[in-house]
Amino acid sequence: TVPRSKGLRDAEHQRASRIPSQFSQEERVAMKESLKGAIQIPTVSFNPGEFNTTALAEFGEYMHKVFPTVFRTSFIQHEVVGEYSHLFTVQGSDPSLQPYMLLAHIDVVPAPDQGWEVPPFSGLERDGFIYGRGTLDNKNSVMAILQALELLLIRNYIPRRSFFIALGHDEEIVAPGSISAGVRGTWGSEDLSPPPGKGCPARLHVDEGSFILDGFIPSLKKPFAMVSVSEKGSLDLMMEVNMTPGHSSAPPKETSIGILAAAVSRLEQTPMPNMFGSGPLKMTLQQLANEFSFPANVIFNNLWLFWPLVSRLMERDDITNALVRTTTAVTMFNAGIKVNVIPPVAQATVNFRIHPAQTVQEVLKLAKDIVVDDRVQFHVLEAFEPLPVSPFDDQALGYQLIRQTIQSVFPEINIVAPGICIAQTDSRHYTNLTTGIYRFNPLYLQPQDFSGIHGINERISVQAFETQVKFLFEFIQNADTEQRPVSHLHEL
Ligand SMILES: CCCCCCCC/C=C\CCCCCCCC(=O)N[C@@H](Cc1ccc(O)cc1)C(=O)O
Ligand SMILES: [Zn+2]
Ligand SMILES: [Zn+2]
């Protein structure tokens, strides 16, 4: 712990130099217009190596235009990494303080027009919401981080603790993560304990990957903040059936399409085992137990007895089901060359999101045991193991900084709980550099909002975006604390 005198000075310093997170009406209008402009640039990632490079280049110029102070501040270094990713190094006044990293991504998934109330790249504002692809995933974070920094700099802020802002351009494709590869390249090290002066100096990473969750669990009436201290693994498995093509007037009993469709159907009809009780979920629910109304509070305070009931209830909803098991999503099916030709090949791709209690190999074996057809070939396209759990006890400074900022910006939220991200984030590329990886977007999220992520009518309220800027404005200042991680190998 920091000695009292130093701690006191630290607190006094914090009080004396604290910049209030109050923004003028003009600044609030400007920040929402900046987000709209960002949404209008279609920075779509399609497949590995298939990006809208024109839009990505335009976005780089756009950042210079809307955040001029960030780009002209002498203690901020900006580097373009991997052609379209951006790494900002903000040099603090106290080099003895371990730096941290804020992550976000510029690229978005495609958004066909159909189903959208407004065109997905219009950035139109309706009833207090800004609509568009990337408003939640993840241009809101890109713009909020840079906006908060711009507003701090305009108010003559000088950070004490250095930090990095890593804005990737390929998060939405399975890539080596150009920004992380670039960052590692910049720091010249791949390992957790590099020689002095080498390696990733940032021991705290904050990325997308959770929210203030509102309405995801029946009988839990109050929203709570879940900070993801881990994330599920993933396995992209391509299944293929090859057969001799021929005239469709004399077809075999089963074609390659029929064989593969049956295999895929067996996978869909046979969910992976329910792993409730092993992984961060139990911790999340135990922290929430007393927030539930009766009798749920009794149930969640006695999971040793009621866990079979809880695990069954959580299976009923797609989102909470994703917390208790490895999920199976058949996302691509390609086959056939012509209506009167027996199809030579059929391919299907299955996207598994792996529960922390399982491994890639275990899921692969389970899938083969479910398909149980040696005419089906298996090809692993990409795989990531579930990530380690980052420290979240009272000594974990990174987690505590996030918790502290949540409580100051969202005073109405009285529960901050660790949890797991059911999706993947760019932070998966940094696990060999630090264990202090946290995923949290300071936004309220309701189930219907989740359907907008990679779906239709993705939107963010103007007020929520302003609050996200406020959160980062506060977080960056909170991180200036002189408190240091305790010696027992804790990261920030
Ligand atoms: C106990 C309370 C209930 C908890 C309810 C949880 C609700 C959902 C909350 C957060 C989900 C996080 C979604 C935002 C981050 C998504 C980031 C993303 O889309 N990542 C891609 C990365 C990827 C993976 C595989 C690929 O081939 C390409 C990209 C993703 O799809 O995961
Ligand atoms: Zn994302
Ligand atoms: Zn995404």
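This note walks through a few parts of the structure, point by point.

1. **Before you start.** This is a predicted model, in which local features need pLDDT of at least 70, side-chain atom pairs count only at pLDDT 80 or more, and totals for chains, interfaces and linings use all residues. Residues are numbered from 1 along each chain as its sequence is written, chains are lettered from A and ligands numbered from 1 in the order in which they are written, and side-chain values use heavy atoms, with hydrogens and water left out.

2. **An open sheet.** Look for 4 strands in the order β14-β16-β12-β17, paired antiparallel in an open sheet. Strands (E, at least two residues) and helices (H or I, at least four) are DSSP runs, numbered from the N terminus, and two strands pair if DSSP finds at least two bridges between them. The edges are β14 (327-335) and β17 (377-384); each has a single partner strand, so one side of each has no neighbour in the sheet. On average, neighbouring strands here are turned by 20° against each other, direction ignored.

3. **Inside that sheet.** Strand β12 (residues 233-242) and β17 run antiparallel and are joined by 7 bridges. To find one of the pairs, look at D236, whose bridge partner in β17 is E382.

4. **Two helices on the sheet.** Helix α7 (residues 256-269) lies across β12, β14 and β16 (345-354), at about 15° to β16. Helix α12 (residues 360-371) lies across β12, β16 and β17, at about 35° to β12. Axes are lines fitted to C-alpha atoms, for helices over the stretch in contact, and angles run from 0 to 180 degrees between N-to-C directions; contact means heavy atoms within 4.5 Å.

5. E172, in the loop between β8 (163-168) and α6 (178-187), and H454, in the loop between α14 (447-450) and β21 (459-461), are 282 residues apart.

6. **Buried or exposed?** E172 counts as buried because its relative accessibility is 17%, while H454, at 45%, counts as partly exposed. Buried means under 20% relative accessible area, exposed over 50%, and partly exposed in between (1.4 Å probe, protein chains only).

7. **Ligand 1.** This ligand is surrounded by 20 residues, the closest being E171, V174, R353, Q424 and H454; a residue is near a molecule or strand if one of its heavy atoms lies within 4 Å of it. Polar side-chain atoms reach oxygen atoms of ligand 1 from R353 at 2.7 Å and from H454 at 3.0 Å.

8. **Strand β8.** Strand β4 (residues 85-90) pairs antiparallel with β8 over 5 bridges, and β5 (residues 100-105) pairs with β8 in the parallel sense over 6 bridges.

Definitions and conventions: A polar contact is a pair of N or O atoms within 3.5 Å; within protein, one must be able to donate a hydrogen and the other to accept it, and residues adjacent in sequence count only if both atoms are side-chain atoms.
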